[in-house]
Amino acid sequence: YGGKSDPNCRRTDCGRLPERGDRAVNINQAFKMAFKSIRSNRIRSALTMLGIIIGVAAVIVMVSVVQGSNRKMQEYYERMGTNKITVSVTQWGGQDITQQLYEYCLSLDNLVLGVTPDISSSGPLIYGDKSTEQMENGQPTTITLGSTQFSLCNNFQIGKGRDLCQMDVQTGQQVIVLGARTAEYLFNFQNPVGKTVLLSGHPFLVVGVYQAKDPDSAFSMDNMAVVPYTTNRLLNKSNKVDSFVVKAKTAQTTTEAITRLTGFLKGIIKKETGFFNVYSENQAMKESDDQNKMMSMVLGGIAGISLLVGGIGIMNIMLVTVTERTREIGIRKAIGARRKSILAQFLIESSVVCGVGGLLGILIGFIGTIAAGQVILHALILPNLPMALGSFLFSVAMGVGFGMYPAAKASKLQPVVALRTD
């Protein structure tokens with residue numbers, strides 16, 4: 001005024017760029033306006049966030065449950081024993097290969113730790129008035145006919161008494177080693193060692209009990225018992241041994257051991273007299289892992305569709321917001337607001353809506369994961385932190401992506417046209 005200017009003037013519309021402090025104030029103001037807009041339209045904002053909330057929660061729950069299932073499956077295979085190779089032989093008129101296979105595995109001492117027959121018998125175990133047929137979960141006790149290396153090949157350790165010895169196997173002694181679940185059911189708090197149980201009507205002396213390795217499972221692998229495989233004629237009325245378990249030293253030597261065993265069996269079993277199959281539990285574990293990863297991707301994709309629908313809802317509501325606030329945009333541009341300021345304002349608003357929806361989705365996802373873990377897997381499962389953080393960042397990115405078109409449309413409005421809007 002009168003050729004003088006006010007040194008305290010801080011207007012940003014006088015032909016100069018705003019200082020850094022001005023920009024910080026503008027961003028803070030934009031966030032305040034965004035939260036004010038959410039509060040002023042609570043129901044509309046909640047419905048807009050719903051797609052984001054459902055999508056983020058669904059992704060977290062589905063992926064976490066699949067990952068938890070995969071972990072439980074891996075733990076199951078580890079308890080059952082890794083690096084196991086199952087050899088199944090079917091012959092008609094052929095000779096028993098037990099001794100040949102045993103001697104060949106001994107020659108592979110750099111690859112193989114042990115080998116044992118793995119034959120089943122179906123008879124229940126009876127002690128006093130208790131029978132394993134009457135166990136509370138209805139799971140039949142697994143009776144396996146094995147050798148002295150059964151526990152080594154199947155990852156069992158003796159808890160009481162002793163394991164099968166070479167004399168038991170050579171002479172076909174009627175001795176038995178019980179699994180922890182079977183021993184607990186038949187003998188409760190008594191020490192089973194030295195007691196006699198009936199198996200298919202035949203008395204067997206309990207010489208040991210294995211340590212529990214699967215105590216929490218309803219269908220526990222501890223519900224088992226092992227007797228010498230030389231009692232096969234007594235229990236199964238046969239001398240035929242057609243199934244074996246070979247324990248490789250490491251996961252790396254498992255593949256080579258399978259190759260060697262396949263070549264050996266091809267040499268002694270002719271196509272005219274039978275066939276065989278060599279299979280590794282490591283392969284089953286890998287296949288299970290691959291299937292779970294595929295399922296995780298499929299379920300994540302299905303949940304991602306919900307996020308896409310939520311993003312479209314965000315774009316729709318932001319277009320409505322631009323229409324409702326056209327006059328406000330015109331006034332702001334008339335007093336000097338720049339296009340990028342309008343663009344940033346609406347992008348921040350859409351990002352805040354998606355970000356709040358993402359946080360609520362993460363919270364519901366955590367609760368849903370815990371509930372689903374207890375119901376489906378009977379275990380405590382928690383989503384991992386990177387996935388939760390990634391879900392939040394993805395929801396904010398969706399706000400930017402789907403809010404870009406409405407924000408660009410708002411920033412392109414001409415002040416004169418906008419001010420004419422009722």
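**Ground rules.** I'm working with a predicted model, where local features need pLDDT of at least 70, side-chain atom pairs count only at pLDDT 80 or more, and totals for chains, interfaces and linings use all residues. Residues are numbered from 1 along each chain as its sequence is written, and side-chain values use heavy atoms, with hydrogens and water left out.

Next I looked up its partners; strands pair if DSSP finds at least two bridges between them. Strand β6 (residues 142–146) runs parallel to β11 over five bridges, and Ile 143 has Ala 225 as its bridge partner there.

**Cores.** A nonpolar core here is a set of buried Ala, Val, Leu, Ile, Met, Phe, Trp, Tyr and Cys residues joined through side-chain atoms within 4.5 Å. I found 43 residues in the largest one, and Ile 85, Val 87, Leu 125 and Ile 176 have the most contacts inside it. Helix α8 (residues 251–268) gives the most to this core, with five residues. A second, separate core has 32 residues, including Leu 347 and Phe 402.

**Cysteines.** I searched the whole structure for disulfides (two cysteine sulfur atoms within 2.5 Å) and got zero. Cys 105 is buried at 3% relative accessibility, and Cys 153 is buried at 0%.

**Salt bridges.** Side chains of opposite charge can pair when their charged atoms come close. I counted a salt bridge when a side-chain nitrogen of Lys or Arg is within 4 Å of a carboxyl oxygen of Asp or Glu, and the whole structure has two.

- Asp 168 meets Arg 162 at 2.8 Å, N to O. Asp 168 is buried at 5%, whereas Arg 162 is partly exposed at 34%.
- Glu 256 pairs with Arg 260, with the closest N and O atoms 3.2 Å apart. Both lie in helix α8, four residues apart, about one turn of the helix. Glu 256 is partly exposed at 37%, and Arg 260 is partly exposed at 35%.

Key:
Helices (H or I, at least four residues) and strands (E, at least two) are DSSP runs, numbered from the N terminus. Buried means under 20% relative accessible area, exposed over 50%, partly exposed in between (1.4 Å probe, protein chains only).
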